[in-house]
Amino acid sequence: MSASDAGDAHDRRKDERIVSNQTAIPYMQMRGGSSKGVYFLATDLPADPITRDNVLKWVMGAYGDPRQIDGLGGADPLTSKIAIIEASSHDGCDIDYSFVQALVGEDRLDDTPNCGNLLSAVGAFALESGLLSRNGSDADIDVFMTNSGKRCRLRFPIKNGLPVYDGAARIDGVFGTSAPVVCHYADLAGSACGSLWPTGAVRDEFLGYSASCVDNGMPVVALRAEEFGISGLETPDALNANDDLKQKLEAVRLLAGEAMGLGDVAGKAVPKMCLISAPINGGTIHTRTFIPKTCHKAIGVLGAVSAATAAIHPDSAVYDLAIMPQIQIEPQTDTQETLTDVTIEHPSGVFDVTLRLSAGHDFEIMGAGLLRTARLLARGEVFVPMSVWKGA
């Protein structure tokens, strides 16, 4: 085929697409941290929330099919994720980021939680899409997380105004190395529940199981693995096959969700359930996390921050299981703060979190820092039936 013929064929395909019975929507698929999601500009999606949700279900293949065979979802909670980005309407922020979880095997979406993994790629998306521009060798992008009302600053390398993806940074749960994305979170406490310890207590008991309910970026119920008759070292596949354990966890989750002010959480992705045991590889704690009914092959970003918070509080249900890190004084701040490095062991390796605490208050967490990586995987158009949405 000649170049001229190829061009004519491309033009015909464009014309056919315009009159077809499907609507084309620009998208990018990106790996953010140890998750993968479909990223959209808000202006490319329907303004009406009901229509938008129907479109997103078609995009992901979320209409109750656990294989998600008719969409871009990967039949796993870690790949059934959506990020929606727009120019920020909040002072001091560059972009607004909204997260949506398409629940695998269910005809539902959940925008209650946040996702720190997908967050790590929203700055790169903003540059790739032309929503923002940056010069120099590094980009600093301030993000407002609409799900939680919290903020995060992302810093990552750029060249000629576009993200650099190659680098030497390594995170467990992702093959190879990539350029670092440094995430500085501020004031995460109470992201969904309104307070760091949403039940009003650092330690609770549900159905005879000790628990600490914490919301430091993600609502999490920290539990002692041993109380459920397991070591906490089992593989995710083994735990997913343990129906008795899952039934017990769900019973606790429903009660804890009510106590945390989240209402009936039967159809929600939060709170996450984190089974904690003593570390075995030099870390602070060892974890198995359910999100919320499937055991995570690693651990979520903000779930890790909340689990770390529970681990370092002396009154928590899991404090005695932790090998506590050294607390260092941060000397270069006007108001004295302490930095606590927490290493969380999970099925794929470890996750390092640095918590910043105010030295002058009773366990007030000022922020958290962590390292992620990201990469653009694909860009183009995703199609939904015109009967669902005819387009803008």
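How much area is buried between domain 1 and domain 2? The area is about 1300 Å², and carbon and sulfur atoms give 63% of that. Buried area here is the accessible area, taken with a 1.4 Å probe, that two parts lose on being put together, summed over both.

A word on the basis of these values. This is a predicted model, in which local features need pLDDT of at least 70 and side-chain atom pairs count only at pLDDT 80 or more, while totals for chains, interfaces and linings use all residues. Residues are numbered from 1 along each chain as its sequence is written, and side-chain values use heavy atoms, with hydrogens and water left out.

The protein chain is divided into domain 1 (22–186 + 375–385) and domain 2 (204–361), with bounds that come from an automatic or database domain assignment. Taken over C-alpha atoms, their centres are 25 Å apart. Domain 1 brings 15 residues to the contact and domain 2 brings 19 residues; contact means heavy atoms within 4.5 Å. One salt bridge is counted between the two domains, the term meaning a side-chain nitrogen of Lys or Arg within 4 Å of a carboxyl oxygen of Asp or Glu.

The largest nonpolar core has 91 residues, of which Tyr97 and Tyr185 touch the most other members. Such a core is a set of buried Ala, Val, Leu, Ile, Met, Phe, Trp, Tyr and Cys residues joined through side-chain atoms within 4.5 Å. Buried means under 20% relative accessible area, exposed over 50%, and partly exposed in between (1.4 Å probe, protein chains only). Because both domain 1 and domain 2 give residues to this core, it lies between them. A second, separate core of 18 residues includes Tyr27, Leu45, Leu109 and Trp389.

Finally, which residues does Val55 contact, leaving aside its neighbours within four places in sequence? They are Ile25, Leu45, Pro46, Val384, Val388 and Trp389. Val55 is found in helix H2 (residues 49–60); helices (H or I, at least four residues) and strands (E, at least two) are DSSP runs, numbered from the N terminus. Val55 is buried, at 0% relative accessible area. Its C-alpha atom is separated by 9.3 Å from that of Phe383, 328 residues apart along the chain.
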